[in-house]
Amino acid sequence: MTTFTHLIFDLDGTLINSKIGLHNSLNYMLEQMNIDLDSVGIIDQLIGPPIQDGLKKALGFDDKQVELGVKLFREYYSQQGLYEGELYPGVLELLEELFQQGKQLYVATSKRDEFAHEVLRSFELDRYLIDVQGAGDGGRHTKAELITTLMDRNQILSSGQVVMIGDTKFDLIGGQANEISTIAVGYGFGNSEELQDLNPTYFVEEVEDLYELLV
């Protein structure tokens, strides 16, 4: 068991398997823009970084296309997509146990604030959290910047007892930039080999492994 006092969780791919809702939002966007592409190979590139950057990288969108694409993606996501996910098995039990132990729990996510709060509320995870840091109105923010903002607001000092837990390289890089511990989870949307190459403090394959590590 570790002795972390402050635990910052990523949301998509770490607490919630949101891939169905994100995939459906992407399909809606592509259909509305009359783009005939296989979205299956694209969606993973949109999870983790700001969506604007993901659309540029995965689809080669210019600024005007990015603006329209983000609008359409969020149009579907805000009405349906954010509810089309599910908790990873064991996540609720993990947060409950950590909460009962008096751990300080947070979420840092690249989702817009309103989406992040609604998702956490709908899955009844908000009751375990002290604070949530989203991407404001959805502008470009690195995960490192989001973690910094969350830590500053809650007066959390960088130390090995603070940990960022996530499934993508952005979570690990963000945690390392803030000089805190990192835990990479292999069950989410990231590439396990890529995650391990970043030398996280710990790497776990499943939620059960995360439970054993933290509890």
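Helices (H or I, at least four residues) and strands (E, at least two) are DSSP runs, numbered here from the N terminus. The model is predicted: local features need pLDDT of at least 70, side-chain atom pairs count only at pLDDT 80 or more, and totals for chains, interfaces and linings use all residues. Residues are numbered from 1 along each chain as its sequence is written, and side-chain values use heavy atoms, with hydrogens and water left out.

Select helix α7, residues 143-153. Its buried residues (under 20% relative accessible area, 1.4 Å probe, protein chains only) are K143, A144, L146, I147, L150 and M151. They lie on the same side of α7, because they cover an arc of only 160° around the axis, taken from the directions from the helix axis to the C-beta atoms. Just after α7, Q155 has a positive phi of about 55°.

Move to helix α5, residues 91-100, where V91, L94, L95 and L98 are buried. Their arc around the axis is only 90°, which puts them on the same side of α5. Their cover includes β1, β3 (86-87), β4 and α10 (207-214). Just after α5, look at G102, with a positive phi of about 85°.

Next, select L210. Leaving aside neighbours within four places in sequence, L210 is in contact (heavy atoms within 4.5 Å) with F9, L94, I165, I183, V185, Y187 and V204.

Terms used: Buried < 20%, exposed > 50% of the residue type's maximum accessible area, 1.4 Å probe, protein only.
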